[in-house]
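The following exercises are to be worked through with the sequence and the model at hand. Each task is followed by a solution in steps.

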Amino acid sequence: MKIKTGLGIDVHRLAPGLDFWLGGIKLQHEKGCVAHSDGDVLIHAICDALLGASGLDDIGTYFPDTDPAYKGIDSKILLKKVVDMLERKGFSVGNIDCVICLQRPKIKLRTLEMRECLAEIIGIDVDDLTIKATTTEQLGFEGREEGVSAYASVLIIKL
């Protein structure tokens, strides 16, 4: 058995009038992520962590923002494709631990819904995926509500 870890980070700018997708669910907020896809920073961070752990290139290599095929795409589709890539290499996901940095909206009451959504796509137990949220105490671009960032740490297993 071989165990590997990966780290993924994603950041998106926020702008008024756009949908705000996070962890596979749509949040009510006056701002959303400026992005080529749906801008789901949490899913993008998880994808990069999984790809890195398995020795593959980053998310932009496989789903470039210059390709019109990915314009507005639901990031859950990208996550499923990444999981399929891992499985083809003989890996399974052990666990995923995530942190989202944003000032608003407060998401504590929505993290279980996010975990359930993502765990189903990835094929893991909901208890093997954690999502924590933090503010930056009004510091930096997250604190000024100019953007949102997400961090994901993953453990994958090759049998």
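**Exercise 1.** Determine which residues Ser 92 touches, not counting residues up to four places away in sequence.

*Solution.* Step 1: apply the criterion for contact, namely heavy atoms within 4.5 Å. Under it, Ser 92 touches Leu 155, Ile 156 and Ile 157.

Step 1: Ser 92 belongs to strand β5; helices (H or I, at least four residues) and strands (E, at least two) are DSSP runs, numbered from the N terminus.

Step 2: assign its exposure. Buried means under 20% relative accessible area, exposed over 50%, and partly exposed in between (1.4 Å probe, protein chains only). With a relative accessible area of 35%, Ser 92 is partly exposed.

Step 3: Leu 50 is 42 residues from Ser 92 along the chain, and their C-alpha atoms are separated by 9.9 Å.

Two conventions hold throughout. The model is predicted, so local features need pLDDT of at least 70 and side-chain atom pairs count only at pLDDT 80 or more, whereas totals for chains, interfaces and linings use all residues. Residues are numbered from 1 along each chain as its sequence is written, and side-chain values use heavy atoms, with hydrogens and water left out.

**Exercise 2.** Is Ala 53 buried or exposed, and with which residues is Ala 53 in contact, leaving aside its neighbours within four places in sequence?

*Solution.* Step 1: Ala 53 lies in helix α1, which covers residues 41–53.

Step 1: its relative accessible area is 1%, so Ala 53 is buried.

Step 2: beyond its sequence neighbours within four places, Ala 53 is in contact with Lys 4, Thr 5, Gly 6, Val 154 and Ile 156.

Step 3: as a further distance, the C-alpha atoms of Ala 53 and Phe 141 are separated by 28 Å, the two residues being 88 apart along the chain.

**Exercise 3.** How many salt bridges does a search of the whole structure find, and which parts does the pair of Glu 145 and Arg 104 tie together?

*Solution.* Step 1: a salt bridge is a side-chain nitrogen of Lys or Arg within 4 Å of a carboxyl oxygen of Asp or Glu. The search finds nine.

Step 1: the side chains of Glu 145 and Arg 104 meet in one of them, at 3.0 Å from N to O. Glu 145 lies in the loop between α5 and β7 (147–158) and Arg 104 in the loop between β5 (91–101) and α4, so the pair ties together parts that are 41 residues apart in sequence.

Step 2: Glu 145 counts as buried at 18% relative accessibility, while Arg 104 is partly exposed at 33%.

Step 3: Arg 144 forms a salt bridge with Glu 146, with the closest N and O atoms 3.0 Å apart. Salt bridges that share partners join Glu 30, Arg 104 and Glu 145 into one network.

**Exercise 4.** Find which side chain of opposite charge is nearest to Glu 142.

*Solution.* Step 1: Glu 142 lies in helix α5 (residues 140–143).

Step 1: Lys and Arg count as positive and Asp and Glu as negative; His and the chain ends are not counted.

Step 2: the side chain of Glu 142 does make a polar contact with the side chain of Ser 149 (2.6 Å). A polar contact is a pair of N or O atoms within 3.5 Å; within protein, one must be able to donate a hydrogen and the other to accept it, and residues adjacent in sequence count only if both atoms are side-chain atoms.
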